[in-house]
Amino acid sequence: MIPRAAALAMAVSVGVAFGVHDAVAKMKLEGADPSLLSFSTLLAGLPLLAIMLPFAGGLRLTLASAGLFIAAGIVNFSVGRTLMYAATSRLSSSGASVMTSSSAAFSILMSLFLGERITLSIVLGVIAIMAGVYLASDWGTERFSLSGLGLGLATGFAIASSVAIIKLGDLYGGSPGLGVIIAYLSGLVALSPRASLSLLRRFGKPVAIMGLAAALGQLLRYVALTSLEVDVATPLQNLRPIVTTALLYGATREAGKHPMIRHWAAACVAFLGILLVSGAIAL
């Protein structure tokens, strides 16, 4: 277990890492096959996880935690990450990234399951996050995608579920670093029917950036969960919409990829919800 202040900083950094990942996915690999992209980014991130293993708990593992980490990998990677890439291809610039903020709402259900306390700030924060989801979905405009909305919500549920499973893995004695590697390997096995190195050959640099950013984000999330509750760690990682929107604004000029005013508003509302849920703003 690490100091709470350090864990909070790590949870926020998770959002930064995944913001980079989301922006590159939208700019460079929007049309790629979701399952194949999931497989490729998992493979690209493994070397970083191996290097960081000695600094993230080493080889500490129990039979129960191993099973939980395997389950987390299947839910988070073969299901959640694939859904995220599918949502990215159907939603506007930062829409898919903001949609993942719905994981904060789903984390309430998970935290209740784990016996964690729910406060008024958390409830109001979730309402703000869901308002951000509404803005990001482009409801009522010609850009709205019902399938994109559904995929984004499914991604949020998968992320929240995997975080709860990871927390259980920590409680049952598993180390964060080894837990991420086990989760990655289980995700790769689940995605093995789509195994191919074609994306790595064609888009080596963006796939590598996405894979390394996601691996760092996952590792920071696992370590942060050793000291944080699920209903704190999950919302804090949703800084990713702010980072994604900023990166897309600065780096893209292609029609249809530039964030609109409603996307900035969605990111800001979602971030307000994150502050409320995390306790940074207490009511």
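User: Is Ser38 buried or exposed, and how is that read?

Analyst: Relative accessible area decides: under 20% is buried, over 50% is exposed, and values in between are partly exposed (1.4 Å probe, protein chains only). Ser38 is buried because its relative accessibility is 0%. This is a predicted model, in which local features need pLDDT of at least 70 and side-chain atom pairs count only at pLDDT 80 or more, while totals for chains, interfaces and linings use all residues. Residues are numbered from 1 along each chain as its sequence is written, and side-chain values use heavy atoms, with hydrogens and water left out.

User: Which helix holds Ser38, and what is Ser38 in contact with beyond its sequence neighbours?

Analyst: Helices here are DSSP runs (H or I, at least four residues; strands are E, at least two), numbered from the N terminus. Ser38 belongs to helix α2, residues 34–52. Contact means heavy atoms within 4.5 Å. With neighbours within four places in sequence set aside, Ser38 contacts Phe77, Arg81, Thr82, Tyr85 and Leu191.

User: How should I read the nonpolar core, and which residues touch the most other members?

Analyst: A nonpolar core is a set of buried Ala, Val, Leu, Ile, Met, Phe, Trp, Tyr and Cys residues joined through side-chain atoms within 4.5 Å. The largest one has 51 residues, and Leu42, Leu49, Val180, Tyr184, Tyr222 and Leu228 touch the most other members. A second, separate core has eleven residues, among them Ala25, Leu36, Leu37 and Ala44.

User: What does Leu228 touch?

Analyst: Not counting residues up to four places away in sequence, Leu228 touches Arg4, Ala7, Leu8, Ala11, Lys167 and Ala233.

User: How many residues of α8 are buried, and what covers them?

Analyst: Twelve of the 15 residues in α8 are buried, so the helix is mostly covered by the cut-off already given. The buried set includes Val180 and Tyr184. Cover for the buried residues of α8 comes from elements including α2, α3 (63–90) and α10 (204–224).

User: What span does α8 have, and what is expected?

Analyst: The expected span is 1.5 Å times one less than the number of residues. Helix α8 runs over residues 176–190 and reaches 21 Å from its first C-alpha to its last, close to the expected 21 Å. Helix α7 (residues 146–171) has 26 residues and reaches 38 Å, close to the 38 Å expected. α7 is mostly covered too, with 19 of its 26 residues buried. Gly173 follows α7 and has a positive phi, near 100°.

User: Which residues form the nonpolar patch on the surface?

Analyst: Patch residues have over 30% relative accessible area and no salt bridge; like charges are joined within 9 Å, and nonpolar side chains (Val, Leu, Ile, Met, Phe, Trp, Tyr) within 5 Å. Here the patch consists of Leu120, Val123, Leu124, Ile127, Leu272, Ile281 and Leu283, with about 610 Å² of accessible area together. Areas come from the Shrake-Rupley method with a 1.4 Å probe, and for residues only the protein chains shown count as cover. Helix α6 (residues 120–136) gives the most to the patch, with four residues. Leu120 is in α6 and is exposed, with a relative accessible area of 53%.

User: How many salt bridges does the structure hold?

Analyst: Side chains of opposite charge can pair when their charged atoms come close. The criterion is a side-chain nitrogen of Lys or Arg within 4 Å of a carboxyl oxygen of Asp or Glu. The structure holds one. The side chains of Glu229 and Arg4 form it, at 3.3 Å from N to O. Glu229 lies in the loop between α10 and α11 (230–236) and Arg4 in helix α1 (residues 4–28), so the pair ties together parts 225 residues apart in sequence. Both ends are partly exposed: Glu229 has 30% relative accessibility, and Arg4 has a relative accessible area of 39%.

User: Is Lys26 buried or exposed?

Analyst: Lys26, in helix α1, is buried, with a relative accessible area of 2%. Its C-alpha is separated from that of Thr244 by 9.3 Å, at 218 residues along the chain.
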